[in-house]
Structures are given as C-alpha cells and as structure tokens.
Amino acid sequence: MMEQLPWLILLLPLVSAATILFVARRVPNISALLSTGSALVTFVMSILFLGFGDDAVVPAYPWLWLGGTLEKGLVLEIGLQIDQLSRGMMFVVTTVGFLVHVFSLGYMRTDDGKARYFAGLSLFMFSMTGIVLANNFAMMFVFWELVGLSSYLLIGHWFQKDSAADAAKKAFITNRVGDFGFLIGILLVWAISQTVNFDRMETFFAGNPEVGSGLLAFAVICVFCGAVGKSAQLPLHVWLPDAMEGPTPVSALIHAATMVAAGVYMLARVAFLVEASELAAHVIAWVGGITALVAALMALQQDDIKRVLAYSTLSQLGYMVMAVGLLAAEAAMFHLFTHAFFKALLFLGSGSVIYACHHEQDIWKMGGLRKKMPLTFITFSIATLSLMALPWVTAGFYSKEAILAAAWHESAPLFVIAGFTAMLTAFYMTRLVLVTFFGKARTEHAAHAKESPPVMTLPLILLAIPSVIAGLPFFYERVQATAPEHHGEGSMLVLAASVITLIAGAGISFWLYKGASEDPLRIKLLARKFYIDEIYQGIIRVFQDGVATLLSIFDRYIIDGLIAQLPAYATASIGSILRRLQVGNLQGYAFLFALGVILLIWITLFNT
Amino acid sequence: MLTLGHYLIASGLLFSVGFIGVLLRRNVIIIFMCLELMLSAANLSLVAFSRYNQTAGLPDYNGDVLVFFIITVAAAEVAVGLAIIVALFRSRQITDVTAMNSMKN
Amino acid sequence: MPAYYLEVIVVVLGLTLLLVEAFVPLGDRRSLAWLAALGIGVVLCLSFLVSTPEQAEETGRFSALYATDGLALFYKRIALLTTLLVLLMSADYRKILHQYTDPERPQSQAGLGEFFTLPVFACAGLMWMASATDLISIFVSLEAVTMTFYVLVAFMRRNVGSLEAGVKYLILGALSTGFLVYGITWLYGITGQTELSAISEVLKEGAVSKTAALFAFALILVALGFKVGAVPFQFWIPDVYQGAPTPITAFLSVGSKAAGFVVLLRVSEPFIASELISSNVITILTVVAGATLVYGNLAAIPQNNFKRLLAFSSISHAGFLLMALASTPAGGAISQFSISPVSAISFYLAAYLFMTLLAFLVMTLVRTQRGGESIDSFRGLAKTSPFLALTLLIAMMSLAGVPLTAGFIGKFYVFLLAVNQHHYWLVALGVVGAAAGFYYYLKVVRAMYWEAPEDTSAPAIEVSMPTKIALILLIVAVFIFGLDPAPLML
Amino acid sequence: MSFNLVEIIVFLPIVAALAILVGSPARITAFIAAGANLVLALFATLQYANVTESSGASYYLISHRVFLTHVTESGPISFLSLSFGLDGISLTLVLLTVLVTLAAVWVSPPESKIRSHQRLYYLSSLLISGGALGAFCSLDLFFFFAFHELALIPTFLMIGIHGHGKQRVRTAWKITIYLGVGSMILLAGLTALVMALGGTTLHFEAMQAYAEGLSPETQRWIFLTLMIGFGILVSLFPFHTWAPAAYAEAPAPTAMLHSGVLKKFGLYGLIRVAMPMLPEGAAYWQDLLLVLLLGNILIIGLVTIAQKRFDTLLGNSSVMHMGYIFLGIASANTIGFEGAVLLMFAHGVSIALLFALCDRLRTQAGTLEMSKLGGLAKSAPAFALLFGMAAFASIGLPGFANFTGEVSVFFGSFLKMLEEPETGIQALQIAAMLAIWGVVISAVYMLRAFRAMFKGPAQEGLALTNPTIFERLPILLLVAALLTVGFYPESLMQFLRPTIETLPAIAKISF
C-alpha cells in the first residue's frame with residue numbers, strides 16, 4: 001500500500017477540484033470543507049512521508065509513448081520521485097496549503113464565488129504537487145503550465161474587477177513567455193542527454209562532463225528562463241505585484257510560499273545541470289543578485305501592504321536564485337524552506353489586517369493597530385524579525401546566513417549586493433511594521449478595527465512556530481537531510497556583516513518613521529517601480545500591436561493582392577480583351593479567319 | 001509545254017483571287033461567287049493532278065471522280081445559300097455584310 | 001446486320017416523316033417530333049446489334065470507304081443520342097419557333113414539320129461522317145451535315161439574329177469547305193491515294209516532299225479547326241450559337257463538334273504516325289490547343305448571355321480535346337500508358353454530350369417560359385423550380401470539372417495524357433482554364449440560388465414528362481460515368 | 001453486392017444527403033446519419049484494434065472494386081478502383097470527421113429558424129462529411145482527390161446563402177475559385193506523379209512500389225507542385241488569404257466542418273502521398289516549407305492579434321495552427337508525423353468547438369465585435385466555463401489533446417539533433433524554436449479575447465443565456481474527446497504508432 005501513497009497525494013486534490021466543479025458547485029460550504037479536507041489529508045500524508053527513510057520506487061505511468069520500446073524509446077511518463085528534496089518541499093507545500101485553506105474558510109466566508117475559489121485552490125495543490133513529485137522534465141512542464149492556469153484562475157477570482165482580469169491575463173502571458181524558454185531548454189537538454197528523466201540525465205552529465213559547453217550553456221539558460229518566468233526574476237517580474245489583485249490567502253499560498261518557489265525548486269532539482277555549465281551558473285547568480293537588489297529598492301516606496309510584501313518576496317527569491325547560481329543549492333532550498341513559513345505568515349497577517357480594516361490595503365490609512373489586534377501584531381512582528389534575519393533567534397537568520405556565506409566564498413561583488421539588500425530589507429520591514437501597527441489610527445476603519453476571528457488567527461500562531469524554530473538543526477534535519485554547515489572560515493565576518501546591516505537598516509527606518517503621519521521619503525523613481533511596467537507596455541504596444549496591425553494590412557492588401565486579386569484581375573482583363581475580338585461583322589471574321597490561316601500555315605511549315 | 005507546275009500555279013492564283021474576293025467585297029452575292037471560284041480552283045488542280053499522276057501510262061481517274069463530287073456539292077451549297085440570302089433580303093432589305101452586326105463580344 | 005444499314009434506315013425514316021407531314025392530316029405537328037424521336041430511338045437500339053467487322057462477310061472496295069470499327073459505332077451512337085435529345089428539345093421549343101416563322105397565323109404550324117425532319121437527315125450525315133475513311137466520303141458526309149445545319153440555323157425567318165447567324169455560318173462554312181477541298185486536292189496530289197489507310201502507308205515511307213505534305217495537312221486542319229471550333233477559326237461560334245434556335249445550338253455544339261473530332265482523329269492519324277512530319281504536326285496541334293484553351297476559358301468570364309457563355313464553354317472544351325489530341329505519341333510510338341488519346345477523346349465527348357445537353361434542355365425550358373437567355377432570367381430559379389435548378393447545378397458542376405462527375409474524369413484523362421507527353425505548358429494553361437471555368441460556370445448557379453426572382457409571381461416552370469425522364473437519365477449518366485468510366489471506355 | 005464497413009461509413013452521409021434531397025425531413029435524417037456514422041466508426045475502431053495484433057498488414061477492413069484494369073505482361077493490375085481501407089492515420093481522421101459532423105449537425109438551427117433552403121443547410125454538411133470520409137479512407141489516388149472536391153460546391157452555396165455579413169458573396173466566390181485553382185494545381189501535380197511512377201496504376205501501394213526509381217530532379221518539381229497544391233488547400237502561408245474571411249462569414253456547421261475537417265485533407269495528402277513517394281523532393285524543399293510555416297505561425301499569429309472581431313480571429317488562428325502541423329510534417333520523422341496527426345485531430349475538434357460556441361455567441365449577443373462585448377461570464381457562467389475550456393485547449397494547455405500534439409511535434413523536430421549530436425542545431429531546430437514563440441502569441445490573442453468578452457463588469461442590455469442540456473451535449477462531446485486524448489493519448493497512439501513506423505522513407509527512432 002505504501003507505494004500507492006504518492007499517487008494518492010497527487011490525485012486527491014484533483015479529485016476534490018473535479019467534484020467541486022461538477023458536483024458541489026451549488027453548495028459552497030460543502031465544497032470549501034471538501035477542499036480543506038483534502039488539504040488536511042495531504043498534509044498528514046506528507047508528514048508520513050518524512051518517515052519514509054529510503055527512496056521508495058514508485059511505478060511510472062507511461063503517458064505519451066511516442067516511439068521505440070517502453071524502455072529505450074521516447075516515452076513521456078508521469079513518474080513520482082520521492083527523495084529528501086521532494087519530501088521537504090511537500091512538507092512546506094502541504095503545511096502552508098492547509099493553513100491557507102483554514103484561513104480562507106474565514107476570509108472568503110461571504111464571497112459569492114466561494115466554490116469556484118476552493119476548486120481553484122485544489123487545482124493549484126494538484127499542480128504544485130505535480131511539479132514537486134515530477135521525476136522528468138516533460139511531466140514537470142505539464143504541471144508547470146497547470147500551475148500557471150490555476151494562478152490565472154485564482155488571481156482573476158474577482159473577474160468582475162477590470163484590474164483583476166488584466167492582472168490574471170498579465171500573469172498567464174508572462175508565465176507563458178517563461179515557459180517558451182523553458183520548453184526550448186527542455187528540448188535541448190533532451191537532445192543532448194537523450195532523456196528527460198532526471199536520474200538518467202544526472203548519470204549522463206556525471207558520465208561525460210565535457211559535453212558541448214556552448215550548446216549546454218544555452219540550454220541551461222533556456223531552462224533558467226522557465227524559473228525566471230515562474231519565480232518572477234528580473235525581466236519577467238512584472239506580473240507578481242499585479243498578482244496581489246487576487247484574494248490575500250491566494251497571495252500567501254501562491255505568491256509567497258509555493259508557486260514562486262517552484263522555479264527555485266526546479267533549479268535545485270537540476271542542480272547538476274547548473275554545475276555542468278559554469279557560464280550559465282554565473283548568469284543565474286547575477287540575475288538573482290540584481291533581482292534581489294532592485295526588488296528591495298522598489299519595496300522601499302510602496303504604500304500598499306501587499307505590494308511591499310510582494311517585492312520583498314521578489315527580493316528573497318533573488319537571494320535563492322543567486323544561491324543556486326553560486327552552486328549552493330542546499331542553501332537556496334534551506335532559505336526557501338524557512339522563507340515559505342514566515343512570508344506566508346506575513347501575508348496572512350496582512351490579510352487579517354485588511355479583513356479588519358474592511359479591505360483597506362494602504363498602510364498610511366492604518367496605524368495604531370498594536371493595541372486593537374495584539375495577536376496579529378505579535379505574529380506579524382515575529383515573522384518580520386525572521387525576515388530581517390535577527391541573529392540566532394529567528395529561522396530567517398540561519399538560512400540567509402548560509403546564502404551570505406556562499407556569496408562570501410564565491411564572488412565578492414555579489415556578497416556586497418547581498419549585504420546591502422539585507423539592510424534594505426530591514427529598512428522597509430521596520431517601516432511597514434511602524435506605520436501599520438504603531439502611532440495612532442489614521443482612519444475610521446483603523447480606529448474600529450478589532451481582532452480577526454479565531455479561524456484566521458489560529459493559522460497565524462501555527463505559522464509563527466516554524467518561523468522561529470525552522471532554522472534550528474533538529475527541526476531542519478528531520479525535513480532535509482543536510483543543513484548547510486555554519487562554521488566555515490570567515491563565518492564570523494559574515495555574522496558581523498549581517499548584524500551590522502540589520503541594525504543600520506532598522507535604525508534608520510525607526511528614526512525616520514517613528515510617529516510619522518505621511519511618508520518623509522519621496523523617491524518617485526522607486527515608487528513608480530523604475531517605470532518598468534510603462535516600458536513593457538510601450539514595447540508591447542509598438543512591437544506587438546503596432547507590428548500586428550501593420551502585418552494585417554500587409555496581409556490583406558499585399559499578400560492577398562499579389563497572390564489572389566492580381567491573377568484574378570489579369571485573367572478577367574485578358575478575358576475582356578479577347579471578348580472584344582468578336583467584332584460582330586462578317587468581314588471582320590473573314591479577315592481574322594485569313595490571318596488564322598496564314599499563321600497556321602507559317603507555324604506548320606517553318607518551325608519544328 | 002504545260003507541266004503540272006503551271007496548272008498548280010494557275011489554280012493557286014485562282015484560289016487566292018477567290019479568297020481575297022471573299023475578304024474585300026461587301027455584297028453577299030459577290031462573296032458567294034468568290035466562294036464558288038475557290039471551289040473551281042480546287043477542281044482545276046485536281047484534274048491537273050489526275051492528268052499528270054500516270055500509273056502505267058494511264059492517268060489516275062480518282063481525281064476526276066472527286067471533281068464531280070465537288071461540283072454537285074457546290075451546286076447544293078449555292079441552292080441553300082441563295083435561299084438564306086433571299087430570306088435575309090426579304091426580312092431586312094440589305095445585302096451589305098457589314099450591316100449585320102447585331103451580335104457582338 | 002452490316003453497319004451501313006443504320007444510315008439507310010435513318011434516311012428512310014426522314015423521307016417517311018416528310019411524306020407523313022405532307023399527306024397525313026395531322027392535328028398537331030408535335031406528333032411528328034415524337035415519331036422522329038421514336039424512329040431514332042429504334043435505330044439507337046439497333047446500333048447495339050450491329051455486327052463488328054470480323055463477322056461482316058463482304059470485304060470489297062466498300063469497306064475501304066466505310067469503316068465499321070468500334071470508334072465508328074461509338075460516334076454513331078453519340079450522333080443518334082444527340083438527335084434524339086435535340087428532337088425532344090425542339091418539341092419544347094415550338095412556341096418560340098412558331099413566333100418567329102409566321103406569327104400572323106397563330107394556328108398554322110406551317111414550317112414546323114421540316115424543323116423536326118431536318119435533324120434526322122443531319123443525323124444520317126453525322127453517322128456517315130463517323131465511319132468515313134476515304135477523303136471523298138469524308139468530304140461528302142461533311143458537306144451533307146453542314147448543308148442541313150445552314151438551313152436549320154437560319155430557320156427562324158422573322159428573327160434577325162437567326163438569319164444573321166445563318167448567313168455568317170454560310171459564308172464562313174463555305175470558306176472552310178473551300179480550304180478543305182483545296183487540302184484534299186493537295187493530299188491526293190502528293191500521295192495519289194484517296195483512302196486514309198493507303199495515304200498513311202505512303203506517308204510512312206516518307207517518299208513525299210515534306211513541305212507539300214505539311215501544306216496539305218495545314219489546309220485540312222483549317223477546315224476541321226473551323227468545324228470543331230479551334231482558335232484561329234472559332235469566331236463564328238459565339239454569334240451563330242446565340243442566333244440559332246436553342247435546339248440547333250445544342251445540336252451544333254455536340255453533334256457537329258463530335259463528328260468533327262472523329263474526322264480529325266481519322267485524318268490526323270496518318271500524319272502523326274509518319275516520322276517525317278509528326279513533330280511539326282504535334283507542334284501546330286499543341287499551339288492550337290493552347291490558344292483554344294486560353295480563348296475559350298478567358299473570353300467566357302465577362303459573358304452574361306447564357307447561350308453565348310455555353311458557346312465559349314464549347315470552345316474551351318474543344319481546347320481540352322485538342323490538348324488530348326496533341327498528346328498522341330509522335331512517330332507512331334506506343335506509350336505504355338493504358339489510355340490512348342482516341343479513347344480519352346471519345347470518353348470526353350460522351351461526357352460533354354451528357355452535361356451540355358443537360359444544360360441546353362434546362363435552358364430551352366427557361367427560354368420558352370421565362371422569355372430570356374441572359375443569366376438574369378435564371379434569377380431565383382432555385383425557389384421557383386428547385387428540380388430544374390438542381391439539374392442545371394449538376395450540369396454546371398460537371399462542365400466545370402468538379403470531381404465525381406463525368407466531366408472531371410474527361411479532364412483527368414486529358415491531364416494524364418498531356419503530362420505523359422511532357423506538354424507542361426499545356427497543363428499549366430489547362431489549370432488556368434479550368435480555374436476560370438469555376439468562375440463563369442458558377443455565375444449562373446449564383447443567379448439561381450442567391451438573387452430573388454425578378455417577378456415573384458411567375459408560375460413554376462412545368463416540365464413535360466419525356467423531358468423530365470431525359471433530365472433524370474442524363475443526371476444519372478453524369479454521376480454514374482463520373483464514378484466508374486469503364487462502360488464508356490473504347 | 002456486399003458492403004464493407006468502411007464503404008458504409010463513407011457512403012452513409014452521401015446517401016442521407018440524397019434522401020434529404022428527395023424529401024425526407026432534413027434535420028432528423030442528418031441526425032440519424034451522423035449518429036449512426038459515429039457508432040459505426042467506433043465499431044470500426046474496435047474491429048481495427050483486435051485485428052492489429054494478429055496480422056502485420058498496413059491497411060485493414062479493405063474493400064476493393066476494380067473499375068479499370070491495366071493489362072501488363074504479368075496479368076491485369078487495377079488502374080482505377082474504388083478501394084477503401086483503414087490504417088492508423090485514416091482511422092484517426094475518420095474519428096475526427098465523424099465527431100465534428102455530429103457536433104455540426106447538432107449545433108445547426110432547427111428548420112423553422114432557417115430563412116430559406118432549409119434542406120440545403122443540412123445537405124451540405126452531410127456532403128462535406130461524406131467527401132472528407134471518402135478522401136481519408138480511399139486507397140486509390142483518383143478517389144482520394146475526387147471525394148475531397150465533393151465539398152467545394154456545398155461550401156460555395158452555404159457561405160453565399162446562409163453566411164453572415166455583407167461581404168459573404170465575395171468571400172464565397174473567393175474561397176471557391178481559390179480552392180478550385182488549388183485543386184487544379186494539385187491535379188496537375190498528382191497526374192505528373194502518376195505518370196512519373198509508370199502510369200500503370202492509381203493505387204497507393206502499387207504506386208509506392210515504383211517510388212524508388214524516381215530521379216531526384218523529377219521528384220523535386222513534382223513535390224513542389226504537390227506542396228503548392230496541398231498548401232493552398234491547407235492555407236499554407238502565402239496561400240492562406242481565402243481562409244479567415246471564409247470561416248468568419250460561413251455558417252456554423254460549414255465553418256466547423258471546413259476548418260476542422262476538410263483542411264486536414266491537404267496535410268493527410270502530404271503524409272500519405274507526397275512524403276513517402278518523393279523523399280528526396282521533400283528533403284530538398286524542407287527549408288522552403290520551414291520558412292512558409294514560420295510565416296503561418298508568426299506572421300499570421302500577429303495578424304490574429306490585430307483582429308477586432310472574434311470570428312475573424314478564429315479564422316486566422318486556425319490558419320496559424322496549421323503551422324505546427326506543417327512543422328511536424330517537415331521534421332520527416334516518426335515522432336513528428338505522430339505529433340502532426342495528433343494535432344490534426346486535436347485542432348480539428350478544438351476549432352470546431354470554438355466555432356460552435358462563437359456561432360451561439362453571435363446569435364445571442366448579436367455582434368462579435370470584442371470591444372462591444374464584456375462581462376458575459378456574469379450572465380452565463382456555464383457558457384463562460386465551456387468557452388474557457390475551449391480557449392485553453394486551443395492555446396495548448398496540458399490535459400487537452402492540442403498540447404499532446406504540440407509536444408510531440410516539438411520533440412520530433414529535435415529528434416535529428418539527438419540522433420546525430422555532431423550536426424548540432426540545424427534549420428529545423430531554429431524553425432522549431434521560433435515556432436514555439438507561437439505558443440505565446442496564441443496565449444495573447446486568446447486570453448485577450450476571453451478577457452474582453454467574458455470578464456470585466458457586466459454590460460447592460462447584453463445578456464447571454466446558459467446553454468440548455470440539449471445544446472450542451474455536442475459541446476461536451478467535443479470537450480470529452482479533447483480530454484480523453486489529452487489525458488490518455490494512448491487511445492489514439494496505439495493505432496498511430498504502428499502505422500507511422502511502417503511508413504516508408506521517413507526517419508525512425510534509432511536511439
């Protein structure tokens with residue numbers, strides 16, 4: 001029975017989504033409970049998984065058998081890979097998933113599309129599990145797109161709102177651009193290593209490391225495109241801030257903990273590929289680093305509570321990608337592991353604040369919520385400290401430390417960037433907490449805010465625990481085999497650097513925002529997010545829509561003209577000329593007859 | 001001494017006169033006459049051929065047989081042709097060929 | 001029963017019809033038409049009992065003059081079937097006919113009798129042409145047919161168009177006869193023979209001067225080109241077809257064209273077979289075929305008189321037929337391809353008979369009951385009489401060469417032959433021609449199915465029983481031979 | 001005169017059409033014929049399944065009626081024969097045709113709602129379906145070509161009479177003449193092929209036997225003619241201008257049948273006739289084909305984005321998706337061909353589905369101008385869900401058949417690079433990479449349309465009703481087909497794989 005378990009964990013959410021869609025649509029409450037039930041069962045099963053010990057071999061189901069024999073030929077199969085990497089990730093996904101479900105029970109109680117919402121959540125859980133458990137690139141790509149679809153459905157949940165509909169469309173298309181590169185990467189890697197299965201691929205690259213470097217670098221960079229699209233790295237990051245249009249639990253689950261982490265998880269899964277191509281690793285590291293820096297800068301000037309958290313997620317993801325690029329995949333996974341918990345907590349906390357202030361998201365319209373919402377405040381500040389990597393006490397410290405250590409060993413400039421970003425993180429998180437919870441209430445809603453119902457505060461508390469202890473070895477060992485070691489040389493320097501940056505960032509922010517009623521810093525460039533959105537909008541309007549209208553005119557008049565209308569016009573005009581030859585009078589005909597005779601005789605006699 | 005060539009040239013000239021007559025003249029009756037001219041040119045060359053195609057001393061009479069056929073057919077053609085021309089004349093009082101162009105292109 | 005009995009019976013039938021018309025007090029001249037049609041039908045059945053040459057006992061000189069091979073019998077049946085259907089059409093057409101022969105006396109059916117008997121004589125002439133293998137018998141039978149057509153074309157004395165068409169056909173016909181005769185004299189002059197088989201022996205040895213032989217062939221080609229409607233000599237066709245009474249136009253476009261082609265086949269065979277001149281002959285045939293294809297198809301595009309459109313369509317089909325003729329293997333070589341140009345041309349003409357007469361039958365009905373020949377008079381036919389609209393649609397589909405109709409198989413064979421002989425230019429012109437065909441054939445279909453009828457009050461066109469049977473049989477023939485061409489293959 | 005199962009399947013719609021012509025009630029007869037054909041096709045699939053294991057022959061359920069024989073020294077061989085047979089490829093396309101025909105007849109309005117020529121409305125759908133079935137099952141080159149043309153006149157009449165929009169008469173003319181020219185060019189090419197292969201037979205297998213002897217030069221220009229001929233029928237890039245307007249203005253059943261089924265004839269022709277018999281020709285013209293198919297995907301893709309009306313958008317998108325199938329064919333290996341045939345099936349079903357929904361939208365909302373529509377999901381959530389499924393299927397979302405086809409096409413185009421690593425990236429791979437960008441383009445135009453029409457605030461005076469159960473069934477039938485092949489592609493692959501692996505002259509998998 002045990003080896004059937006993984007199939008159950010994969011298919012249960014799909015079954016629940018299907019039943020909700022076809023059967024339980026009319027009864028929202030039942031569908032909500034159904035979906036939360038399936039999340040609970042998968043959560044329990046993922047804990048069972050942790051005790052698995054060895055890697056149970058799960059029979060694969062041949063989905064698309066394209067040729068050759070089942071073993072040798074090209075067979076794209078749905079196979080599950082249970083190793084410590086996927087078990088750890090499953091634990092994260094199911095934990096956060098279950099808690100978000102519970103939180104949504106409260107948050108979405110009065111929503112009219114509740115059944116559709118929970119069906120979307122279950123579909124997301126199914127697709128995310130698919131990515132985590134996939135043992136080959138093809139299956140991962142299949143679930144990659146399904147995750148894109150479920151995020152499209154969930155972001156566009158309130159499809160009546162134009163902004164939500166546009167945000168959903170933008171998310172899906174940006175993901176599709178990423179998938180474009182990812183698919184090319186998969187095909188190239190398949191062509192090089194003759195397989196899509198990760199294990200066989202790993203043995204292939206272990207076998208002959210000197211495989212064509214140029215082609216392999218291009219292939220790995222293409223695969224990295226997929227991660228850039230999904231984990232919203234720099235060129236394709238524009239969709240994540242807009243994705244905040246979706247309900248907050250969705251942001252918590254998808255745009256903090258799991259989906260955006262899929263890109264990093266995929267890179268960790270194919271770490272051997274990144275190692276095989278040194279140039280690609282370099283590119284990955286730098287993209288990660290720059291994303292972290294730019295995102296942190298942008299976060300400084302955001303007023304919407306969810307936008308700040310979105311940019312902070314972007315920045316933390318940048319860290320993880322940088323770590324993968326620096327060939328420190330374990331550090332990246334470790335940070336992903338801890339970040340999932342406290343970032344989910346931050347989002348749920350902001351959800352509870354928004355719920356309390358009647359869907360008000362602008363932090364300058366809140367204030368003084370410390371006394372009115374103590375529980376939310378305490379859990380929110382724990383998560384903030386963990387994000388800011390308060391030494392030894394928080395989980396964030398251990399994982400960020402690992403990444404800083406890796407950066408220290410590999411390349412100095414990246415270490416500086418990482419450090420500076422850590423400072424910025426401290427700065428904007430302190431600003432956020434101060435403006436939201438301290439000082440006096442600035443609006444009516446904030447004044448009358450009261451603590452969220454227990455169904456929403458319970459998940460906050462449950463998430464606060466791992467935010468603190470997730471970094472400690474006893475917890476992490478159980479979930480991941482090897483925690484990155486701390487005591488390399490120069491670790492003291494790294495420790496000092498992180499402490500200094502923390503104090504500096506928090507201090508400056510504290511001094512600036514203590515009791516401030518409106519934002520003293522007015523940096524237009526950062527508030528407008530470096531105008532990247534506007535630039536992209538311009539590019540699309542010119543290169544896509546402009547060229548499209550040009551081409552459609554070209555197509556309707558020139559191609560159609562040359563290939564269809566011109567010959568038609570030519571034959572018709574020849575026809576009318578020939579027709580006028582029929583002059584009607586006898587002598588004309590006799591004359592043409594004579595001409596015909598002469599011509600005929602001339603041709604017969606005088607040329608072969 | 002007249003050879004086959006002379007006859008052929010004569011019949012060729014006769015044929016082309018008839019042909020040009022059909023092209024240039026405007027009156028239907030005249031055109032009809034020129035057509036008969038062309039047929040008689042053919043008769044001339046036929047007789048010449050049968051005269052000069054000696055097979056064992058005797059002229060080959062096939063050509064002459066054909067001449068008779070041509071003459072009878074020409075006669076029949078004239079009969080029918082004139083009937084039509086008369087009918088045309090009765091209904092439209094014209095013999096001018098160029099006036100008949102009610103149907104064109 | 002030797003084959004020539006058929007011609008004798010037909011002529012006797014014609015004579016008896018004249019006697020009956022003169023002496024028997026007929027109530028309505030139309031019964032003459034049924035009598036003629038019945039007679040022709042009987043002869044058609046007899047034609048299937050005719051003994052082929054092996055059983056024919058006498059050989060003698062006569063068999064050199066009159067061939068009774070499969071080809072002859074095939075074209076005799078085509079001539080008989082065409083005459084049968086033309087008689088049917090003329091029965092429907094008598095009101096228009098009467099209007100233009102003597103409108104003053106409404107009851108008298110003075111000229112009607114001849115209109116039904118002359119086609120019978122023309123049929124005898126056509127049948128004779130089918131089996132003429134001697135220059136003299138070719139000339140005589142050809143003239144017999146053209147003579148009857150002169151009268152038939154100019155039959156409607158009161159109608160200007162008919163008379164004008166008659167005169168044009170007369171003058172140009174006589175001109176082409178002049179060239180035919182001159183060609184025959186030259187051919188006889190250089191070979192000393194009048195039988196085609198003897199001529200082909202002489203030409204095979206090549207003891208003849210090349211230019212003289214080519215000159216003779218050119219002259220004969222002029223006359224036959226005129227008869228068949230090939231390009232330099234096709235100017236008479238549109239005017240004569242439009243002017244002549246519709247049944248006679250049908251007779252001309254099918255009967256005389258088919259007979260013209262069988263004579264062309266027989267006459268051109270010796271020229272193509274002799275290595276001396278076959279390349280020149282093939283070249284001129286290719287040029288003429290190409291020109292006919294272009295002229296026939298493209299000039300038809302701007303037409304809006306349906307009869308004139310069918311005239312140009314007959315020129316375009318002549319083009320396709322000449323394309324097949326031009327694809328005969330030169331110098332007498334036999335190609336391993338199982339379909340010979342003769343069988344392809346014969347099948348094409350049989351298919352052409354079915355589809356064109358189908359179109360003419362419908363057109364006669366529309367002409368008599370809607371009063372117009374232009375495409376506009378077909379407006380809304382699909383609503384007023386759906387059966388006729390469907391018949392005309394099938395005829396147009398087959399003429400355009402839409403597959404699963406006999407017309408398509410004809411074109412398919414022609415393309416196969418042309419490609420076999422590497423006439424790629426001809427194939428290209430054929431493609432352009434057929435494509436243009438899709439446009440002008442479907443113009444009438446558009447008129448029938450989309451435009452509303454001019455006067456919606458017009459009563460539905462009533463179709464007499466024999467015509468309805470004929471239409472159904474023709475439709476079945478178009479589809480059956482479109483599916484399985486075997487029965488019509490020589 | 002015993003009738004073989006395949007003959008019944010082919011002639012059933014045509015006989016039903018004649019029955020309607022003679023007077024039997026149009027909609028019911030059409031329904032019975034289409035339903036019976038679906039059942040028969042499924043029965044044939046079952047029969048085909050258990051026959052495959054036993055014998056290794058390439059065709060099954062063969063019926064052979066010889067019309068003309070060609071006498072050779074080794075006895076008469078069939079020159080022209082009405083012979084039908086099924087193999088993997090034709091079976092898939094028969095299933096496609098039967099499915100789409102049933103859906104098309106189901107979606108057509110009841111006779112009372114059609115203004116005039118009610119009988120013609122149903123008659124033409126049956127004729128087009130019969131023509132497609134005949135073309136797909138025929139083993140004789142002549143009837144392969146002849147049956148396909150059966151659909152030319154019905155399409156002409158349907159667009160002209162029952163079409164939408166003022167321009168429909170001009171469009172009817174354009175599509176008929178354009179396809180007429182295309183089929184004539186194809187006819188010239190096919191006759192050249194027949195004559196080049198000895199001219200003694202028109203039967204596929206017999207012709208294939210002669211194929212080795214062809215010199216590369218003749219192969220080249222014959223393949224070019226065939227490519228242009230088939231290209232016009234399939235709306236390959238420069239010859240596509242007839243398709244968008246025609247599909248936009250055609251009535252629902254004709255648009256469904258023509259774009260869903262009939263357009264696959266050209267591709268089937270390339271796979272069945274052109275590629276196996278002219279391998280050097282195909283290799284020579286591969287680069288030209290690649291450029292043209294990129295024209296299909298990228299240029300027509302962008303043109304689709306610029307469309308303002310949804311039906312012209314659909315018309316252009318069906319032209320664009322042909323590019324992928326051509327890519328599968330151009331890769332000339334078994335995986336590419338399997339992808340191409342799968343994509344033919346998937347695109348056929350999904351475009352038919354979209355045209356059915358688009359037609360319902362046009363009748364209910366009155367206009368298809370995307371700017372005038374909006375917020376329809378509020379008033380018709382079920383319709384929006386179905387439309388969403390169809391839209392996502394057509395842009396290649398995993399779980400639907402289109403994705404399976406596209407994935408195998410892309411894997412096919414990279415197979416050569418895998419087999420001979422030293423060749424590295426070739427023209428085919430570059431073309432494939434550019435083609436993959438089409439995935440983004442299709443996402444852009446389809447989601448923009450979906451967002452513009454269904455999402456956003458509900459507009460006053462614009463209400464869509466949810467389809468009744470009866471109306472939903474054909475749509476669910478097609479969606480079910482897409483999902484089955486999407487989730488369980490082996491259902492079709494078990495037939496396709498053995499057939500395509502035995503196709504002559506294309507590269508097999510050797511790693």
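Mentor: Gladly! A salt bridge here is a side-chain nitrogen of Lys or Arg within 4 Å of a carboxyl oxygen of Asp or Glu. Residues are numbered from 1 along each chain as its sequence is written, while chains are lettered from A and ligands numbered from 1 in the order in which they are written. The model is predicted, so local features need pLDDT of at least 70 and side-chain atom pairs count only at pLDDT 80 or more, whereas totals for chains, interfaces and linings use all residues; side-chain values use heavy atoms, with hydrogens and water left out.

Let's begin inside chain D. D:Asp311 and D:Arg362 join their side chains in a salt bridge, with 3.0 Å from N to O. D:Asp311 sits in helix α15 (residues 310–330) of chain D and D:Arg362 in helix α16 (residues 334–365) of chain D, so the bridge ties together parts that are 51 residues apart in sequence. Helices are DSSP runs of H or I with at least four residues, strands are runs of E with at least two, and both are numbered from the N terminus. D:Asp311 and D:Arg362 are both buried; that word means under 20% relative accessible area, with exposed being over 50% and partly exposed in between (1.4 Å probe, protein chains only).

Some salt bridges share partners. One such network joins B:Arg92, C:Glu164, C:Lys168, C:Asp239 and C:Arg308. Over all chains, the rule counts 32 salt bridges.

Now for two pairs in chain A. A:Glu245 meets A:Lys161 in a salt bridge of 3.5 Å, N to O. A:Glu245 is in the loop between α9 (239–242) and α10 (248–257) of chain A, and A:Lys161 is in the loop between α5 (137–155) and α6 (162–193) of chain A, so this pair ties together parts that are 84 residues apart in sequence. A:Glu245 counts as buried at 18% relative accessibility, and A:Lys161 is partly exposed, with a relative accessible area of 38%.

The other pair is A:Asp242 and A:Lys170, whose closest N and O atoms are 2.7 Å apart in a salt bridge. With A:Asp242 in helix α9 of chain A and A:Lys170 in helix α6 of chain A, parts that are 72 residues apart in sequence are tied together. A:Asp242 counts as buried at 18% relative accessibility, whereas A:Lys170, at 23%, counts as partly exposed.

Next, look between chains D and A. Their contact (heavy atoms within 4.5 Å) takes 62 residues from chain D and 55 residues from chain A. About 5500 Å² is buried between chain D and chain A, 74% of it on carbon and sulfur atoms. Buried area is the accessible area (1.4 Å probe) that two parts lose on being put together, summed over both. The rule finds four salt bridges across this interface, including the one between A:Asp166 and D:Arg451, at 2.4 Å from N to O. Helix α20 (residues 427–454) of chain D gives the largest share of the side of chain D that touches chain A, twelve residues. By class, that side of chain D has 44 nonpolar, nine polar and nine charged residues. Nonpolar covers Ala, Val, Leu, Ile, Met, Phe, Trp, Tyr, Cys and Pro, charged covers Asp, Glu, Lys and Arg, and the others, Gly among them, are polar.

Now turn to the interface of chain C and chain A. Here 36 residues of chain C are in contact with 23 residues of chain A. The buried area between chain C and chain A is about 2600 Å², and carbon and sulfur atoms give 80% of that. In chain C, C:Phe235, C:Ile284 and C:Leu298 lose the most area to chain A, together 20% of what that side buries. The count of salt bridges between chain C and chain A is zero. By class, the side of chain C that touches chain A has 27 nonpolar, six polar and three charged residues.

Finally, meet chain B, which has a residue in the network above. Chain B has three helices and two strands, following the pattern α-α-β-β-α along the sequence. The C-alpha atoms of chain B fill a box of roughly 60 × 25 × 25 Å, taken along the principal axes. Of the 105 residues in chain B, 40% are buried.
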